[in-house]
Amino acid sequence: MLEGLAQAEAAVVDCLDASAWALPEHDLVAALDAAHRLEQRLAAVQLALVRELDGRGTALAQGASSTAVWLRDRLRLSIPAARRLVDLAAALDAGAPGVSAALASGEISVEQARVIGDTVRTVHTAAGAEAAEKAVGVLVEWAGQFEPALLRKVGTRVLDHVAPEVAEAAARAALDAEARRAGQDRHLTLSERRDGRLRLSGNLDAETAGLLRAALDPLTAPSGPDDPRCAGQRRHDALADLCRFVLRSDELPEHGGEAAQVVVTTSFDVLTRQLAAGTLDTGPRITPETVRRLACDAAILPAVLGGSGQTLDVGRQRRLVTGPLRRALVLRDRGCAFPGCDRPPRWCDAHHIRHWADGGSTSLANSVLLCAHHHRHLHRGDWTVRLGGDGHPEFVPPAWLDPDQLPRRNEYHRRN
């Protein structure tokens, strides 16, 4: 086997040295098909080796806690990828031999083999070995038409073809198995980057995915015709809005003996003159502009320090515009007051027209409702806001946008 693999590797190296650009299109497509087929056949070899090593207990003999951990270190894989290798190797070894043969011939891909193996096990449980063997042939044929996700979906009806007498019960069993698999695979990973940002990754089960979409979708629409954000940025901002709403709800359980909150530590100079940065209690530093925006109407615990780092004031968790004042503000603005925005009051912050850090009062005459997107936009942009003669907010655009700088109002909430 080693000699054969060495020859195969040498042949691949020769292919790497060849010039793909010189191939006519027909040969280029044929070469792609051949490379994919070879990849699957090599995967079949790899899975057979993994299964043999796992069966011999090589990993434990070499001091690893499991074959997956040994593969992680040996092949520099992630633990989930290593576990999938071990699980699939075991499934192919214990399952119908037709699945392994199809992979070894390059007829199906590794992911399709995983789907077929899962489906065949369900069929075997529901209808026995003969139906399972028939299912392999049907699924391998379908694999020529469907990618793995769709193959798994249509595979739930394979018993209609191989054992119709038990199809309905088996379909229910397959659905239950898929739910169990989704439950086992569910996870959410928060990977902190050095600059304080987080990278989110994971798998949500169907119910949680539905809940997330139901919560995010209403918040991902563009805030107006001039909204410059791409779809991904709107989803990001929608998640932030959702977190703010939950923090405002006062329904989260206590964390460390206190209500859930964000703690921002800053100096008095930062707060008043925007000289430096602040620090979240989770570690990342944030800009002075962000500190000042959070101070407007966030569920924060402000810890204000003097020049030597001495604590001058540690406020209690609060939203500065609360109770009757918040209700009066909602009655007046009815939602985000920025022109063209349709965000309702529950998704809005109360922004101090004259910043609280600059001595602005917490009053109806000095407040305006803004959604998170327009709150950020106003703090870092060239727009200004004021109350008109009738006591309603109006926004003055920058001169580069409107040389006449005519005040604009949000008529959306007035019409609805």
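## Exercises on a predicted model

At 5% relative accessibility, Val50 counts as buried. Keep in mind as you work that this is a predicted model.

**Exercise 1. Find out where Val50 sits and which residues Val50 touches.**

*Step 1.* Start with the element: Val50 belongs to helix α2.

*Step 2.* Check the burial. The cut-off for buried is under 20% relative accessible area, and Val50 has 5%, so Val50 is buried.

*Step 3.* Look for partners, skipping residues up to four places away in sequence. You'll find Leu71, Leu85, Val86 and Ala89 in contact with Val50.

*Step 4.* Along the sequence, Val50 and Leu85 are 35 residues apart, yet in space their C-alphas are 7.4 Å apart.

**Exercise 2. Describe helix α5: how long is it, which of its residues are buried, and what covers them?**

*Step 1.* Helix α5 runs over residues 79-94, which gives 16 residues.

*Step 2.* From first C-alpha to last, α5 reaches 23 Å; at 1.5 Å a residue you'd expect 22 Å, and the two values are close.

*Step 3.* Now list the buried residues of α5: Ile79, Ala82, Leu85, Val86, Leu88, Ala89, Ala91 and Leu92.

*Step 4.* Here's a handy rule for reading such a list: an α-helix has 3.6 residues a turn, so residues three or four places apart point the same way.

*Step 5.* Look at the cover over those buried residues. It includes α2 (25-56), α4 (67-75), α6 and α7. Val50 from Exercise 1 is in α2, and its contacts include Leu85, Val86 and Ala89.

**Exercise 3. Which residues form the nonpolar surface patch, and which element gives the most to it?**

*Step 1.* Collect the members: Met1, Leu2, Leu5, Val12, Leu16, Leu38, Leu42 and Leu49. Together they have about 770 Å² of accessible area.

*Step 2.* Sort them by element. Two or more residues come from each of α1 (2-17) and α2.

*Step 3.* Pick the main contributor: α1 gives the most, with four residues.

*Step 4.* Zoom in on one member. Val12 lies in helix α1 and, at 34% relative accessible area, is partly exposed.

**Exercise 4. Is Ser109 buried or exposed, and what does Ser109 contact?**

*Step 1.* Locate Ser109 in the loop between α6 (97-104) and α7 (110-127).

*Step 2.* Read off its relative accessible area, 13%: Ser109 is buried.

*Step 3.* Leave out neighbours within four places in sequence, and the contacts of Ser109 are His36, Gln40 and Leu103.

Terms used: Residues are numbered from 1 along each chain as its sequence is written. This is a predicted model: local features need pLDDT of at least 70, side-chain atom pairs count only at pLDDT 80 or more; totals for chains, interfaces and linings use all residues. Side-chain values use heavy atoms; hydrogens and water are left out. Buried means under 20% relative accessible area, exposed over 50%, partly exposed in between (1.4 Å probe, protein chains only). Contact means heavy atoms within 4.5 Å. The expected span of a helix is 1.5 Å times one less than its number of residues. Patches are made of residues with over 30% relative accessible area and no salt bridge: like charges are joined within 9 Å, nonpolar side chains (Val, Leu, Ile, Met, Phe, Trp, Tyr) within 5 Å. Accessible areas come from the Shrake-Rupley method with a 1.4 Å probe; for residues, only the protein chains shown count as cover. A salt bridge is a side-chain nitrogen of Lys or Arg within 4 Å of a carboxyl oxygen of Asp or Glu.
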